Amino acid sequence: MKQGKRFLMALMSVFLLSCGQETTENAVTQTEAPEASPSAVPQTQKGGETMRIQVEGNGTTILFALNDSQAAKDLVAQLPMSIAVENFSNNEKIFYPSSELDVNGAPLAEGGAGTLAYYAPWGDVVMFYGNFNSNGSLYALGEAVSGTETIANLSGTIEIRVVE
């Protein structure tokens, strides 16, 4: 009977040790999993270069350089997109991405024409073609590096994509 208990205890010890090893192996496997491809993980910095997006519509192309905020990364994660652009006021064009952008840590938007921003209360992305007043709910996403003068010409459906 004692030998049976010892055998059972030894068997249980081996079982428990092997379970512990399996858990450890799984943990190592999970942490050593291959990294996601660069296109699967949106980043505003890519190989030391600033991430850029292109907005096209009505024969117009605007190129924006994005900042490194989580809000900008959230926008990139939703691209490419084909979306309606709307006029707002006399200095901006807006569109509504499908998901909210995380503005924690994002800088407030300041400046003028060419600013790409996110207005958190309404959940819209703003492309400014004129000066604007800063606002505690308006977060900077980036700046136009070309095509600023054509933002005002956008209407209807625009195409937005990441530029490699």
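Sorted by class, the lining of the largest pocket comes out as eight nonpolar, three polar and two charged residues (Ala, Val, Leu, Ile, Met, Phe, Trp, Tyr, Cys and Pro count as nonpolar, Asp, Glu, Lys and Arg as charged, and the others, Gly among them, as polar). A pocket here is an open set of points on a 1 Å grid over the protein atoms alone where a 1.4 Å probe fits, with protein on both sides within 12 Å along at least five of seven lines; lining residues have an atom within 4 Å of a point. This is a predicted model, where local features need pLDDT of at least 70 and side-chain atom pairs count only at pLDDT 80 or more, while totals for chains, interfaces and linings use all residues. Residues are numbered from 1 along each chain as its sequence is written, and side-chain values use heavy atoms, with hydrogens and water left out.

Among the 13 lining residues, Phe88, Glu92, Tyr119, Phe128 and Asn135 sit closest to the pocket's centre. Strand 8 gives the most to this lining, with three residues (strands are DSSP E runs of at least two residues, helices H or I runs of at least four, both numbered from the N terminus).

Then there's the largest nonpolar core, with 30 residues, where Ile53, Phe64 and Met127 touch the most other members. Such a core joins buried Ala, Val, Leu, Ile, Met, Phe, Trp, Tyr and Cys residues through side-chain atoms within 4.5 Å, buried being under 20% relative accessible area with a 1.4 Å probe, protein chains only. Helix 2 is its top contributor, with four residues. A second, separate core of eight residues includes Phe128.

Notes. Buried means under 20% relative accessible area, exposed over 50%, partly exposed in between (1.4 Å probe, protein chains only).
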